[in-house]
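Please keep the sequence and the coordinates at hand while reading.

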Amino acid sequence: MLVTANKAPWLKRNSGVELLRTLSMFLIVLAHITQTASDLPSVPIDVATASHQLSHFVLSMFYMFGAWGNIIFFIISAWFLLDSKEVKCKKLIYLVIEVWVLSVSILACFLLFFNRLPLTIIVKCFFPTLFANNWFVTAYILFYPFHTILNSIIYGISQRKLLSISLIMFFLYVICNTFGKKLFFPSVLIFWITIYFTMGYIKFYLPNLSNNRKINICMFLVAILSLLVLTCLNNVLGLKFSILHNQMLYWGGNYSFFWVICAITLLNLFRNLEFRSKFVNKIASYMLLVYLIHENLLFRRYIRPLWLDEYIKYIQGLNILAIIFLFALFVFILSLIIAIVFDNCFKNIFDTLTAKIYKVIKRFYSLGESYILLLK
């Protein structure tokens, strides 16, 4: 998913999965642009509220696509990590360096054109991982070092025990938090561990089911149609009862059972496409940078709203759905171009820095470990 330190693996990967990775990133971009539009004074849209307009309903779906894209991204990552036998420290170091350099570079560009930026924003830009400016990346950095421990548990226990763990956690942190909110102290990491155990069971014990095209298509259609029906129902009831007026996004949140099923079935379907395309795989390898660029703290706060507001004024009369979709496509392509340029300019430098920092960290860690082991 977040392979950066060694880009060679993308050449060997199934292009169906890489195509899904790219499509899921566009879903995330589309959701973020919808969020930006809903915050503009010139666009009287609140995607969380019920409305008589079909376009309003579709925009609410656009907004919820972000959660769907995030789940797809992690599920793709989990599918590959389940086969991993070691933690690649250089991969994490490279990722932290890449995130930091990109954040500080964008900050430097902003300071050239903006005389004043709040000190808190500047500090956050200097510590993007610490302050989780892009929560998905920080969560992944925290999750990745422990995936081999999770693999040891999955490999070391019986099928029955793995099924029990998966079912219990899935019930507590997916199903319960679909119908209720913030139940049993959920968090991104707990949710990901839940999905990881579930994917482990599916990958190792349900190969026939996960490879069955008809079953996965049926499950996908049932899940997406159920989400649409429930959201429509919320919209209808929200127009009649004030207590439900702002519950349009209720069924499509970050822990949504429906999005999880849609994501798993889509992975199974795209995984079984089994085709190889260097172009698709190469484009997919830039998706992390596309995410970091389009959702950069400064870009999303200052530039994206300004550009979108001017774009809406320039194309007056065009349907709001077309405006949001086309602007999302523009931001996606622009972010991809910047990602390609950034990667080609800095990759060799990052590789060198990663190797040097890794040696220093390894040396100090070895010394500290040796000293602690001598303590009695």
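**Residues in the helices**

Beyond its neighbours within four places in sequence, His 56 is in contact with Ile 45, Asp 46, Val 47, Thr 49 and Ser 51. The residue belongs to helix H2 and, at 8% relative accessibility, counts as buried. The model is a predicted one.

- Ser 24 sits in helix H1. Its relative accessibility is 1%, so Ser 24 counts as buried, the limit for that class being under 20%.
- With residues up to four places away left aside, the contacts of Ser 24 are Gly 69, Ile 72 and Phe 73.
- Met 25 is in contact with Phe 73, Met 287, Val 290, Tyr 291, His 294 and Phe 332, again leaving aside neighbours within four places in sequence.

**His 294**

- His 294 is found in helix H13, which covers residues 287-294.
- Its relative accessible area is 0%, so His 294 is buried.
- Not counting residues up to four places away in sequence, His 294 touches Met 25, Ile 28, Val 29, His 32, Phe 299, Arg 300, Arg 304, Val 331 and Ser 335.
- Between His 294 and Leu 334 there are 8.6 Å in space, C-alpha to C-alpha, with the two 40 residues apart in sequence.

**Leu 321**

- Leu 321 is part of helix H15.
- Leaving aside neighbours within four places in sequence, Leu 321 is in contact with Ser 55, Val 58, Leu 59 and Phe 62.
- Leu 321 and Ser 164 are separated by 157 residues in sequence, and their C-alpha atoms are 44 Å apart.

**The largest nonpolar core**

- The largest nonpolar core has 110 residues. The members that touch the most others are Met 25, Trp 68, Tyr 196, Met 199 and Trp 259.
- Helix H2, residues 54-81, gives the most to this core, with 17 residues.
- In soluble globular proteins, nonpolar side chains tend to be buried together.

**H1 against H15**

- Helix H1 (residues 15-38) packs on helix H15 (residues 320-374) at an angle of about 120°, and the axes are 9 Å apart.
- The crossing of H1 and H15 is right-handed.
- H1 contributes Thr 22, Met 25, Phe 26, Val 29, Leu 30, Ile 33, Thr 34 and Ala 37 to the contact. From H15 come Ile 324, Phe 325, Phe 327, Ala 328, Leu 329, Val 331 and Phe 332.
- By class, the residues of this contact are 13 nonpolar, two polar and no charged.

**H5 against H8**

- The axes of helix H5 (residues 135-143) and helix H8 (residues 188-205) come within 10 Å and cross at roughly 60°.
- H5 and H8 are therefore oblique to each other.
- Their crossing is right-handed.
- On the H5 side the contact is made by Trp 135, Phe 136, Ala 139, Tyr 140, Leu 142 and Phe 143. On the H8 side it is made by Val 188, Leu 189, Trp 192, Ile 193 and Tyr 196.
- The contact of H5 with H8 holds eleven nonpolar residues, no polar and no charged.
- Tyr 196, part of this contact, is also one of the core members that touch the most others.

**The loop between H7 and H8**

- Most residues other than glycine have a negative phi.
- Lys 182 has a positive phi of about 60° although it is not a glycine. Lys 182 lies in the loop between helix H7 (159-179) and H8.
- With a relative accessible area of 64%, Lys 182 is exposed.
- Phe 184 lies in the loop between H7 and H8, and its phi is positive too, near 60°.
- Phe 184 has a relative accessible area of 45% and is therefore partly exposed.

Note on methods
Residues numbered from 1 in each chain as written. Predicted model: local features only at pLDDT ≥ 70, side-chain atom pairs only at ≥ 80, totals over all residues. Heavy atoms only, no water. Core = buried A, V, L, I, M, F, W, Y, C linked by side-chain atoms within 4.5 Å. Buried < 20%, exposed > 50% of the residue type's maximum accessible area, 1.4 Å probe, protein only. Helix = DSSP H or I, 4+ residues; strand = E, 2+ residues; numbered from the N terminus. Contact = heavy atoms within 4.5 Å. Axes fitted to C-alpha atoms, helices over the stretch in contact; angles between N-to-C directions. Parallel < 35°, antiparallel > 145°, perpendicular 65-115°, else oblique. Left-handed = near helix turned anticlockwise from the far one by under 90°. Nonpolar A, V, L, I, M, F, W, Y, C, P; charged D, E, K, R; others polar.
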